[in-house]
Amino acid sequence: MRRFGALLAALLLAGGLTACGGEAEMQSAQVFAMDTVMILTASGGETEAALKAAEDELYRLDRELSRTRESSAVSRLNSAPEGAAEVGEELRDLIARALDFSDATGGAFDITLAPVSSAWGFTEDAYRVPAREELEELMAHVGAEHVHLGDGTAVSLDPGTQIDLGAIAKGYASDVVAAICRENGVAHSTVSLGGNVWVCGGNPEGKPWQIGIQDPARPEEADAYVGILRMSDGFAVTSGGYQRYFEEDGKLYHHIIDPATGYPAESGLTSVTVVSEGTEGSGTMCDALSTALFVMGEERALDFWRSGTFDFEAILVTEDGRLLVTAGLEDSFTPDETAGYAYEVVS
Amino acid sequence: MKLSTRQLTLCAVLTAMALALSYLENFFPLSLAIPIPGIKLGLANIVTLFALYALGPGQALLILVARCLLGAVFAGNMNALIFSLMGGVTAMLVMIGLSRLRHLSVYGVSVGGAAAHNCGQVAAAVLTLGNEAPLYYLPVLLGVSLFTGALTGLIAAFLFRALAHTRIWEA
Amino acid sequence: MRMKWSPELHPNGWDALAAAVVVVLALVSGALLYTGGPGGGDLTAVVSVDGGETDRVDLAALTGSEERVYESRGYTLRVTFTESSAQVTASDCPTQDCVHTGAITRSGQSIVCLPARLIVELEGTGDTDGPDVVIG
């Protein structure tokens, strides 16, 4: 029912998208997809066509990548007899990239946590704390080694293994939208897809876009930031336990599951933002890495950043009130002193 | 509270009248002149005022609650219940207080009740919407309650004069 | 007559005092609520449903008018935004109060549709340091 409502709203909004002339003016579109509200603004070039195409693509990706839609490519794979299916080039490539991220992050990023997330009720919004035995049984099927890439576009899953691309789909979607905007010659744009941001061209006044990073300690306050990131072109993705959680018996359980334990990651971090330049495919990377770094915790995350495996910068917020920013962001990030975090630049 | 058959009947008639007045009010949409949600003449307040003096606070409250419940049922809108109850009960409490002072005429009591009614409704709106935006209507609503309160006071005064020779409220 | 209390039927000085108290309350609440809000400057319209923000329209960025459609609790509202105003132009809600409110043009003003639990509020954006996008 909620999805139907969201779809209806999306359709109506699409109809309500109107053209307003003036090339330098920012036009905007809202898309209700992937369980979030997506806000796109753009100007210059074929803005209207770009926004329309972006909208269509976002709905298509929602249909294809959602695990809760029975007709999606992901669901077809999850429910395939013998666990094998031809999934199409796009999904196969995305799964291949996801497996690479799993490998590179030592398993901190994992698309096979689907049954575990479901057991916690995060997939169906029916929160509960699963029994330890139940989790142990499910965890036996978790791990990138249970996903096999076959010839062509074939992918197969071991029995009991299910995939969920939720931790990478919005990042991938931001890459797709970025490509559409480039093709249509969009000069200035901000695209916000539920925790995933892509900006290009700086603002129309020729200055970098200002991106507020939500303070994880005050998620219900719209203007509570840990700081402002200035960026003209690039991706930024935030993962935080505060984005989705439930409480039982006085304990909070958030939605970012540690693939090593099957329990919500207790890494000492409350929010991780991964930032990268606007090169193609970086949106997907930022999305995957923001989750992985959150699971890794401060030390492992910073070691991973220092290793240079991927080209990115990061902003970490710790449970004990510290705000850590990697050296590459020193000049473009300004902490908000009123948030009360101890600010450190890490190198 | 033990009610005689006569009192009970009177309460029922007054409740029906209050409901009819609430309905009648829809034909004078004050919101066309002053576009604020929930703004209305408050004609049903005449009944509350009358019941308060004639039958006392207990029965007046009974009539009020019955009117709010039935009104919500008839409108098929349970959301409206919290609004009418909060408005009505706040108005009732203020009017009980003001009438006990014995210095005020029906006009003053009625104006106080109308103002309290609006405060109660705004509070209900703030609570149900989880947003303080309705607060911005409060000054205007308070101003308007001067006139609506005076109007209902006037009608109530007429009513008391007209009924002075009857003895319908005697138990 | 034998009422519980006999009402006083002629207005007196005490009534004037009660009316004066209401006037003072109206003025004080008005002064508290309407001052301090930024008067001029660029406006942003914030649309929220059930207490949660669902849309934000930078009115200064509009040149012509733009209509957006919102769905909430089974009702459909069409809201028209211009450079300096916001207005509910059509709604299928039973009360129509939101439509009757007309256009709002100043920071701090709002349109409320109770049946749909939808609020359109205007915010001043005098604060140019505010971010363009928020993540998290």
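User: Which side chains meet in a salt bridge in chain C?
Analyst: C:Glu53 and C:Arg56 do, at 2.7 Å from N to O. Keep in mind that this is a predicted model.

User: How many salt bridges over all chains?
Analyst: A search of the whole structure gives 16. One of them joins A:Arg69 to A:Asp62, with the closest N and O atoms 2.9 Å apart.

User: And how accessible is A:Asp62?
Analyst: A:Asp62 has a relative accessible area of 7%, so it is buried. A:Arg69 has 21% and is partly exposed.

User: Which residues are linked in a network of salt bridges?
Analyst: A:Glu298, A:Asp320, A:Arg322 and A:Glu344. Within it, A:Arg322 pairs with A:Asp320 at 3.2 Å between the closest N and O atoms. A:Asp320 is exposed, at 56% relative accessibility.

User: New topic. What's in the largest nonpolar core?
Analyst: It has 73 residues. Those with the most contacts inside it include A:Leu40, A:Leu65 and A:Phe312. A:Leu65 touches A:Val74, A:Leu91 and A:Tyr172, among others. A second, separate core has 37 residues, including B:Phe50 and B:Met95.

User: Now helix α6 of chain A. Which residues are buried there?
Analyst: A:Leu135, A:Leu138 and A:Met139.

User: What do they pack against?
Analyst: Helix α5 of chain A, residues 114-119. The face turned away carries exposed A:Glu133, A:Glu136 and A:Glu137.

Definitions and conventions:
Residues are numbered from 1 along each chain as its sequence is written. Chains are lettered from A and ligands numbered from 1 in the order in which they are written. This is a predicted model: local features need pLDDT of at least 70, side-chain atom pairs count only at pLDDT 80 or more; totals for chains, interfaces and linings use all residues. Side-chain values use heavy atoms; hydrogens and water are left out. Buried means under 20% relative accessible area, exposed over 50%, partly exposed in between (1.4 Å probe, protein chains only). Helices (H or I, at least four residues) and strands (E, at least two) are DSSP runs, numbered from the N terminus. Contact means heavy atoms within 4.5 Å. A nonpolar core is a set of buried Ala, Val, Leu, Ile, Met, Phe, Trp, Tyr and Cys residues joined through side-chain atoms within 4.5 Å. A salt bridge is a side-chain nitrogen of Lys or Arg within 4 Å of a carboxyl oxygen of Asp or Glu. Lists of a residue's contacts leave out its neighbours within four places in sequence.
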